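Please look over the chain shown below, and then read the short report on its fold, surface and annotation that follows.

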Amino acid sequence: LIPLFMIIGSGGVGAALYLMRLAVFNPDVSWDKKNNPEPWNKLSPSDQYKFYSVNVDYSRLKKDRPDF
């Protein structure tokens, strides 16, 4: 039973760490409404905010939207 508890425990810890990463680094989540109410407007095209993306080189992306 010890390996079973270790596997389930590591899965739970991994899920908790991933949810914490989403809550802290995702541009859709705004913790500071007073100083930065819309954090998604300050992202440049070269910022990688996805956890994993297939065949995308973020350093080569160009800006395709206007500044507000």
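## The helix and Leu17

Leu17 sits in helix 1, which covers residues 2–25, where helices are DSSP runs of H or I with at least four residues, strands are E runs of at least two, and numbering starts from the N terminus. Leu17 counts as partly exposed because its relative accessibility is 49%, with buried meaning under 20% relative accessible area, exposed over 50%, and partly exposed in between (1.4 Å probe, protein chains only).

This is a predicted model, in which local features need pLDDT of at least 70, side-chain atom pairs count only at pLDDT 80 or more, and totals for chains, interfaces and linings use all residues. Residues are numbered from 1 along each chain as its sequence is written, and side-chain values use heavy atoms, with hydrogens and water left out.

## Annotated span

An unreviewed UniProt entry lists residues 6–24 as "transmembrane region", an annotation that may be inferred rather than shown by experiment. In the model this span is 100% helix and 0% strand, and the C-alpha atoms at its ends lie 27 Å apart.

## The chain as a whole

Of the contacts (heavy atoms within 4.5 Å) with a separation of 6 or more, 12% are between residues 24 or more positions apart.

## After the helix

Glu38 belongs to the segment after helix 1 and, at 41% relative accessibility, counts as partly exposed.
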